[in-house]
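Here is a short briefing to read alongside the model. Keep the structure open and follow along as the topics come up.

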Amino acid sequence: AQPNDATSTGTAEESSAATGSPREPTEMTSRNLRVRHSGGATTIDIGAEKSTAGGVARLIETAVGIPAAEQEWRCGFPPRPLSKLHSTDLLPSDIDMLHVGKVDS
């Protein structure tokens, strides 16, 4: 016979609540970014590890063809220039759509 353990039948939330320890995430969540550009629009999965401005710029370059160094980002409605982000800055979590163009030379 197995010992009677009340937590063995509970959910992970109940177990973590009972012990007071935070629940460990088991999967990395994905994050989608809608990108509008001169050729149309596309959706890019920018998973957590790619959510720096530099990582997102490289994903956009691959998907759209605009070199990362030549991208100009706008967001909001009407689209307004996004404040200057360094390549290591995290993309703000409230941004779910970017208008991407090529910087004028």
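Contact here means heavy atoms within 4.5 Å. With that in mind, what covers the buried residues of α2? The cover includes β1, β2 (40-45), β3 and β5. Please remember that this is a predicted model.

**Overall layout**
- The protein has two helices and five strands, and along the sequence they follow the pattern α-β-β-α-β-β-β.
- Of its 105 residues, 22% count as buried.
- Among contacts in the protein with a separation of 6 or more, 47% are accounted for by residues 24 or more positions apart.
- The accessible surface of the protein comes to about 7,700 Å², and carbon and sulfur atoms hold 50% of that area.

**Helix α2**
- The buried residues of α2 are Ala53, Gly54, Gly55, Val56, Ala57 and Ile60.
- Just after α2 comes Gly65, with a positive phi of about 95°.

**The largest nonpolar core**
- This core holds 16 residues, of which Leu33, Ile60, Trp73 and Leu98 touch the most other members.
- Two or more residues each come from β1 (32-37), α2 (53-64), β3 and β5 (97-102).
- The largest share, four residues, is given by α2.
- Leaving aside neighbours within four places in sequence, Leu98 is in contact with Leu33, Arg34, Val35, Arg36, Ile60, Trp73, Arg74, Cys75 and Leu82.

**A closer look at Gln71**
- You will find Gln71 in strand β3 (residues 71-75).
- Is Gln71 buried or exposed? Gln71 has a relative accessible area of 10%, and the limit for buried is under 20%, so Gln71 is buried.
- The side chain of Gln71 reaches the backbone oxygen of Ile66 at 3.0 Å.
- Not counting residues up to four places away in sequence, Gln71 touches Ala57, Ile60, Glu61, Ile66, Val100, Gly101 and Val103.

**Thr88 in its loop**
- Thr88 sits in the loop between β4 (80-81) and β5.
- With a relative accessible area of 64%, Thr88 is exposed, because exposed means over 50%.
- Thr88 and Gly54 are 34 residues apart along the chain, while their C-alpha atoms are separated by 6.2 Å.

Conventions
Residues numbered from 1 in each chain as written. Predicted model: local features only at pLDDT ≥ 70, side-chain atom pairs only at ≥ 80, totals over all residues. Heavy atoms only, no water. Buried < 20%, exposed > 50% of the residue type's maximum accessible area, 1.4 Å probe, protein only. Polar contact = N/O pair within 3.5 Å; in protein donor to acceptor, adjacent residues only side chain to side chain. Core = buried A, V, L, I, M, F, W, Y, C linked by side-chain atoms within 4.5 Å. Areas by Shrake-Rupley, 256 points an atom, 1.4 Å probe, with all protein chains shown as cover.
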